[in-house]
Amino acid sequence: MNEIILIGLAGIIAVAAPIIFATIGETITERAGVINLSLNGTILLTAMAGFVVSVKTDSLLLGFLAGAAIGAFVALIIAFTSITLKQSQVAVGFVLTLLCRDLAYFLGNPFMGLPGPRIPSLPISGLKDIPLIGTLFFKQDILVYLSFILIAAAYWWIFKTRPGLMLQGIGERPAAAFVRGANVNRMRYIYTMIGGALVGIAGPMYSLSAKAGWKGTITGLDGIGWIALAITIFGGWNPIRAAFGAYLFALLQWLGIVLQPSFQNIPSQVLQVAPFPLMILALLLVNIGNTEWVDRTLAGLPESARRFIAQVLRALRTTPPASLGTPFENE
Amino acid sequence: MKVEIKNIHKHFGKVHANNDISMTIQPGTIQGILGENGAGKSTLMKILSGFYQADKGEIRLDGKLTRIKSPADAIKHGVGMLHQDPLDFPPMPVIDNLIIGQSGGLLPNRKVVRKQFEDLQARFNFKIDPDAYVDSLTVGERQQLEILRLLWLGAKVLILDEPTTGISASQKEMLFATLKILASQGMSVIFVSHKLDEVEQLCNQVAVFRQGKNVGQAMPPYRTPQLVQLMFGKSMELAPRIDSTSCDVLVHMKDLAVENYRLHISGINLDICKGEVIGLAGMEGSGQRLFLQACTGLRRTVGGKLYIGQRDFTGKPYHQFLNSQVSYVPASRLEEGLISGLSLTEHFILAGEQQGFIINRDKALKLTESRIKDFSIRGIPETRVESLSGGNQQRALLALLRSPLQLLLLEHPTRGLDIESSMWIWNMLKERCKTGTAIIFTSSDLDEVLHYSDRILVFFGGKVSNPLNAGSTTVDSLGQLIGGKGWEN
C-alpha cells in the first residue's frame with residue numbers, strides 16, 4: 001500500500017513538471033510587467049507542434065526546440081503589440097489563446113493518433129536507491145529533473161542576482177528602473193520571450209511524455225494554461241511558491257482519481273472537476289488578507305489569536321508587480 | 001561641483017519651454033529656482049538630469065563640456081535628481097532599492113552595501129532600517145533614502161524638485177538641515193520650488209523663472225515683494241478697504257442664532273456692506289462652518305432674523321438663497337464641490353447654464369472653452385475634474401459660480417494651493433467685490449484673513465467676537481482671541 005502511495009506521489013511530481021515550466025515562464029514574464037494571456041493556446045499549439053516535429057524528425061530534442069521557438073514567437077507577438085504598439089495585453093493575449101488553440105486542432109488533424117516517441121525514464125544511479133526520496137525524485141525523466149533546476153534557478157535569478165532585482169524593478173516601477181539605467185522596453189521584450197519559450201516547452205512535455213501523443217480535442221490539455229495562469233497568481237510571482245501551487249494542483253487531480261472507488265455514490269465527474277474549484281478556494285485563501293471584511297472579522301477576535309491569524313494571512317498574501325499590464329513611456 | 005548652464009533652449013511643439021536660460025552654480029551653494037507652474041523650472045532640471053536633451057545650449061560640469069544622455073548617464077557625471085515623488089520601489093527592501101542600478105557583477109554583495117549604507121546614514125543622523133520595506137517608510141524617509149542613494153552613487157550635484165510637498169514640518173526641517181550640511185561639504189544643491197518662504201529660508205541665491213526665461217537673480221537678504229514682482233511680472237496690490245460705517249447694507253443679521261449637537265451660537269448682530277469681505281477666524285470647528293451654512297440656507301437658524309437685500313430670508317431653503325444669487329463654495333473640492341468622474345464640460349452643463357431637456361453639446365463646449373480661458377484652468381473641456389491639480393479645481397469651482405452674485409460664501413478658498421493660484425483666486429474674488437458682491441470666507445491662515453478681509457469675526461467655543469477692523473488688527477491679537485484670551489466674561 002505504501003509503495004502505491006509512493007508511486008502515486010512520484011506521479012504527481014511528474015505530472016506537475018509541465019505546469020511548473022508554464023507557471024515559471026509566466027512568472028518571469030509578469031515580473032517584467034507583461035501579461036501573456038495566451039498560455040492555454042500556446043500549450044496546445046506547442047504540444048501538437050512538438051509532437052509532429054518529433055515524429056517527422058525522429059528527434060525529441062527538435063520537438064522541444066520547436067515548442068520553445070513557437071512559444072517565444074507567440075510571446076513576441078504579445079510583446080510587439082503591447083510594448084511597441086501599446087495595445088491592450090489582455091485583449092491581444094485572449095485572441096491569441098483562441099487562435100493558437102484552433103490552429104493546434106486544425107493543423108494537428110492529419111497527425112491525430114499517430115504513434116510517436118516518448119521521453120524515456122532516466123533514473124539517476126546512486127540516488128535512485130535512497131529510500132522514499134529515490135522513488136519520489138530520482139526515478140523520473142530528464143524534464144522533471146530540469147523542472148527542479150528551473151525552480152531553483154528562477155528563484156535565484158529573480159531574488160539574488162543584480163539583473164534579477166532590476167527585473168523586479170522593471171515590473172514594479174519602470175520609471176524608477178529607467179533612471180537607474182535600465183532599457184525597460186528591451187528587457188521586457190527579452191523576458192517576455194524567455195517566459196514564452198518556457199511555456200512553449202510545457203506543450204511537448206505533455207505530448208512527448210505525460211500525455212504522450214496527439215489526440216486532437218480529446219488530448220485533454222485544454223484548460224491547463226488557465227490553471228497555470230491561476231497558479232502564477234497563487235504563487236505570488238515567486239517560483240518556489242508557484243511550484244508548490246503546481247504540486248498542490250497535481251495532488252488534487254490525483255486524489256480525484258484515487259478517491260473515486262471509495263466514494264461510489266458521488267458522480268465521478270464531481271471528483272474530476274473538484275481540483276478546479278479547490279484551486280479557486282486556495283487563491284481566495286491566499287489573498288483573503290486583502291479584504292476589508294476579514295479585517296473587520298478579525299477585529300472581533302482576542303488579541304493573540306488576531307495577531308497570529310493576521311500574520312499568517314500577511315505571509316500568504318501576494319501583490320502583483322505594480323505596473324503589470326501597463327506600457328512604459330519614457331516621457 | 002561647479003555647474004554652468006549656458007543659453008539653453010528647449011521647445012515642445014510650439015511651446016518655448018526654456019528660452020535662452022543661463023546660470024552658474026558654484027560648489028557649496030544652495031541655488032533656489034523659483035517660478036510658478038509652467039515657468040520652465042522642471043524642464044531645465046530634466047535637461048540637467050538627462051531626461052530631455054536641450055535643443056540648443058551647453059552644460060559644463062567643473063568647466064568640462066558635458067552631454068548628459070540619460071538619467072543613468074547624469075548620475076555617472078555626478079548629477080542626481082530627487083523627484084517630487086521619490087522614484088523608488090515601494091514593495092522592495094531598502095537594501096534592494098540601493099542595489100538596483102548599482103553597476104557591478106552578477107551577484108551583489110549585500111554585506112558591503114549594508115555597511116556603506118550605515119556609514120552614510122551615520123553622517124546625517126538618519127535612521128532607516130536597511131531591511132525595512134520601502135512602503136513602510138514615510139515620504140520624508142523615502143526622500144532621505146533617495147538622497148543617500150544618490151550620494152552613494154557619487155552625486156556631486158543634487159537637484160530637488162518641489163521636495164516639501166508631501167512631508168511634515170519636522171521632516172522639512174530635517175531635510176533643510178541635511179541640504180545645508182551637504183552644501184557645507186562642497187555639494188551644489190539646486191532647490192526647485194514655488195514656495196517663497198522656503199526658498200528665502202534655505203537658499204544662498206535665487207533665480208526666478210517666468211515663461212521659460214530666467215528673469216532675475218536675487219541674493220539674501222531677500223525682499224519678498226521683489227521676488228513676487230519677478231515671478232509674476234507685476235506687483236500685486238490691493239484695493240482700498242471698505243468703510244463699513246457708511247455703505248449700502250446688503251446683509252442684515254439681528255440676534256441670529258445657530259446650533260448643532262455640539263455648539264450653540266447666539267446673538268450675532270452684523271451688517272455686511274456690498275462689496276465687503278468678512279473673514280472668519282478661529283480654530284477649526286468653532287462654529288465658522290455653522291455660520292456659513294446658516295448664511296446660505298443649508299442650516300436652519302434657531303433664532304433671530306436674517307435679511308439679504310431687504311428681504312427676509314430667515315428659515316428659507318437653500319434653493320431660495322441660490323435663486324437670490326447667494327453661492328457657497330465648500331472646503332472639500334472633490335467631495336462637496338465637484339463631481340469626480342465628470343468632465344469640465346459636464347460640470348458646466350450641470351451648473352444650470354442650459355435649460356431644456358436635451359443637452360446642446362456644442363454650446364456647452366464653447367462655454368467651457370471660454371471659461372477655461374477666463375479662469376486660466378490648466379485643462380481641456382474633456383478633462384475630468386479629479387485629474388486637475390488643487391489650484392485648478394478651485395478655479396473650476398469659481399468658474400462654475402453664476403454671475404452676478406450678491407453674496408459669496410467660501411470655506412478655505414486657498415487651502416493647499418501654491419502662491420500663484422492663491423493670488424490669482426483673490427484677484428478674481430476682489431473683482432467680484434467691485435461689482436458689489438459681498439464675501440464671507442473662513443481660513444486657518446491668519447495672514448490671509450488679515451490681508452484680504454475688511455472686517456474679521458473670531459469664533460471661539462460657541463462665541464463670536466464683535467467685528468474687528470482688519471486694518472487695525474495684528475496677527476498677535478487675532479491669535480490671542482482664537483486661543484480664547486481677551487474675551488469679556
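## Strand pairing in chain B

In this predicted model, strand 3 (residues 30-34) of chain B runs parallel to strand 8 of chain B, and 5 bridges join the two.

Strand 8 of chain B spans residues 188-193 and is mostly covered, with 6 of its 6 residues buried. B:Ser188, B:Ile190 and B:Val192 point one way from the strand, while B:Val189, B:Phe191 and B:Ser193 point the other way. In strand 8 of chain B, the residues pointing either way are all buried.

## Nonpolar cores

The largest nonpolar core comprises 136 residues, and those with the most contacts inside it are A:Ile19, A:Ile20, A:Phe21 and B:Leu158. Helix 9 (residues 184-210) of chain A gives the most to this core, supplying 13 residues. Another core, of 59 residues, lies apart from it and includes B:Ile265, B:Cys273, B:Leu292 and B:Phe441.

The surroundings of A:Ile19 can be listed in detail. When neighbours within four places in sequence are left aside, A:Ile19 is in contact with A:Ile224, A:Ile227, A:Ala228, A:Ile231, A:Ala246, A:Phe249 and A:Ala250. In soluble globular proteins, nonpolar side chains tend to be buried together.

## Contact between chains A and B

Chain B contributes 16 residues to the contact and chain A contributes 17 residues. On the side of chain B that touches chain A, helix 2 (71-76) and helix 3 (94-99) of chain B each supply at least two residues. The residues on this side of chain B comprise 12 nonpolar, 2 polar and 2 charged.

## Domains of chain B

Chain B is assigned two domains: domain 1 covers 3-232 and domain 2 covers 249-482. Taken over C-alpha atoms, the centres of domain 1 of chain B and domain 2 of chain B are separated by 39 Å.

## Confidence

The model scores ipTM 0.84 and pTM 0.73. For chain B the average pLDDT is 87, and 97% of the residues score at least 70.

Key
Residues numbered from 1 in each chain as written. Chains lettered and ligands numbered in written order. Predicted model: local features only at pLDDT ≥ 70, side-chain atom pairs only at ≥ 80, totals over all residues. Domains from an automatic or database assignment. pLDDT = per-residue confidence, 0-100. Buried ≥ 20, exposed ≤ 12 C-beta atoms within 10 Å, placed from the backbone. Helix = DSSP H or I, 4+ residues; strand = E, 2+ residues; numbered from the N terminus. Pairing = 2+ DSSP bridges. Contact = placed C-beta atoms within 7 Å. Nonpolar A, V, L, I, M, F, W, Y, C, P; charged D, E, K, R; others polar. Core = buried A, V, L, I, M, F, W, Y, C linked by C-beta atoms within 7 Å.
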